[in-house]
Amino acid sequence: MVFSSSVFLMAFLPLTLLAYFLVPARMVKARNAVLLASSLVFYGWGEPKYIVVMLFSIVFNYVSGRIIGKYTGMNNKHRARPMLVLCVFGNLALLGIFKYTDFVLDTINRLTAAGLTLPGIALPIGISFYTFQTMSYIIDVYRGKVEPQKDLITFGAYVALFPQLIAGPIVRYSDVAVMLAGRRTNLEQAAEGVRRFIIGFGKKVLLANQIYVVWMELSSMENLSVAAAWLGAVAFTFQIYFDFSGYSDMAIGLGKIFGFDYLENFNYPYISRSITEFWRRWHMSLSSWFKEYVYIPLGGNRKGIARQLVNISIVWILTGLWHGASWNFVMWGVYYGIILIVEKLGLLKVLQKCPSVIGHLYSLVLIVIGWVIFAIDDMGAVISYISMMFGSSGCFIDDAFLYFIQSRVWLVIACIIGSTPLPKLVCNAVAQKLADRELLLSVLETALMMGILVLAIAFLVSGSYNPFLYFRF
């Protein structure tokens, strides 16, 4: 089930809200039980068999957390450590079996012609996200940063909570522990959540789905001109941003409705002046996770520049692999690792001294190229497409470019503006100007939200492309 579907909007969400708010606010555990049950229905809607995997992950990490918490509470970390290792290994093994088995066997076949049979294991939706969440919980219990959750239903609600279950943001237990124990939703918070959901819904349906058509059609053509190849790559650049940030907005909005405040996951990444800055603004929950649980434990920048560069390399190879079991994702991680190392070695200081437009252009060119590597799972096709971006076809402008730029010019302009803080700044300016006219401001805001919602539903009913890209991770 996806947020931008009729089943979710017209049936699942209203029924879940009804069941949730029929339970008195003081009965937090009962509300958690409602959320757990509804989340399992949400998760199992398309693939019921993978509920078993989810339940195993919940029970395994709940029991592990209780054992680790028992020993750390007794200042007996040497007994907690083997359980920590076992639990981390168990989580990684679960992720590895479902996500990487075919990839490893296929790689062996390519290198050795061994002829191993690929089992064709289907990937449970969202397993990368909830596995990272449970590992952060276990590690934080071991570190003494959080108390182990004693209630299995509450812990299950944390792991399976449907707003952020299948595509993030990655929510650490420490960020929601207090809310799991007690929360209330007032009308102002719920209204804010509805507004945030509608904005994300609009991003997804009105921008991501529509600009995807440009990428899908251009990427299937051969001998594209330079302009057409860049237009296709830029289209995917916008599509993945509005797709994923739109999902995050919807998740954060739904969280607010149920009384949870999730941390932001995007901060206008395409206005960055360096790749270092880009990764502080893009998928911030993942970047933060790798920094906290991989980069810093490896030594971070505390053991000299050589060790720091090795640590950066390890983190980015793992980041690439986390995104998918394919060599293009590995190369995508290596690509960004190399750029970040070069910036660390001095380029970042040069960029900071340059006019901001230089930094923006530098970042955008590298980001667009990076998304081509990310989007195409065949490395030969990746090289071919990037070659067309730099003139291998011998043509600068062709009919394909002229057709798509003329037929989608307003969509491209909307994507450019929508990926910057400009809409938010304009809305804030209007709100400030009408601060003493609350009724008019409320009417305008309601009209805007209703306009986005109605238009997005109309596009949704038309049956355009709809799945979220990050479901495969």
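A crossing of two helices is left-handed if the near helix is turned anticlockwise from the far one by less than a right angle. The legends below apply this to a predicted model.

**View 1. The protein chain as a whole.** The protein chain holds 19 helices and zero strands. Its radius of gyration is 23 Å, close to the 23 Å that the globule rule gives for 473 residues, so the chain is as compact as a globular protein of that length. Along its principal axes, the C-alpha trace spans about 70 × 65 × 50 Å.

**View 2. Burial and contacts in the protein chain.** Of the 473 residues, 51% are buried. Among contacts with a separation of 6 or more, 77% join residues 24 or more positions apart.

**View 3. Helices α3 and α4 packed together.** Helix α3 covers residues 51-73, and helix α4 covers residues 77-112. Their axes lie 8 Å apart, at an angle of about 165 degrees. Angles over 145 degrees count as roughly antiparallel, and α3 and α4 are therefore roughly antiparallel to each other. Their crossing is left-handed.

**View 4. The contact between α3 and α4.** From α3, the residues in contact include Val53, Phe56, Phe60, Ile67, Ile68 and Tyr71. Ser57, Asn61, Ser64 and Thr72 of α3 also take part. From α4, the contact includes Ala80, Met83, Leu84, Leu86, Cys87, Leu94 and Phe98. Lys77, Arg79, Gly90 and Asn91 of α4 take part too. By class, the contact has 13 nonpolar, six polar and two charged residues.

Technical notes
Residues numbered from 1 in each chain as written. Predicted model: local features only at pLDDT ≥ 70, side-chain atom pairs only at ≥ 80, totals over all residues. Heavy atoms only, no water. Axes fitted to C-alpha atoms, helices over the stretch in contact; angles between N-to-C directions. Helix = DSSP H or I, 4+ residues; strand = E, 2+ residues; numbered from the N terminus. Parallel < 35°, antiparallel > 145°, perpendicular 65-115°, else oblique. Contact = heavy atoms within 4.5 Å. Nonpolar A, V, L, I, M, F, W, Y, C, P; charged D, E, K, R; others polar. Rg over C-alpha atoms; globule rule 2.2 N^0.38 Å. Buried < 20%, exposed > 50% of the residue type's maximum accessible area, 1.4 Å probe, protein only.
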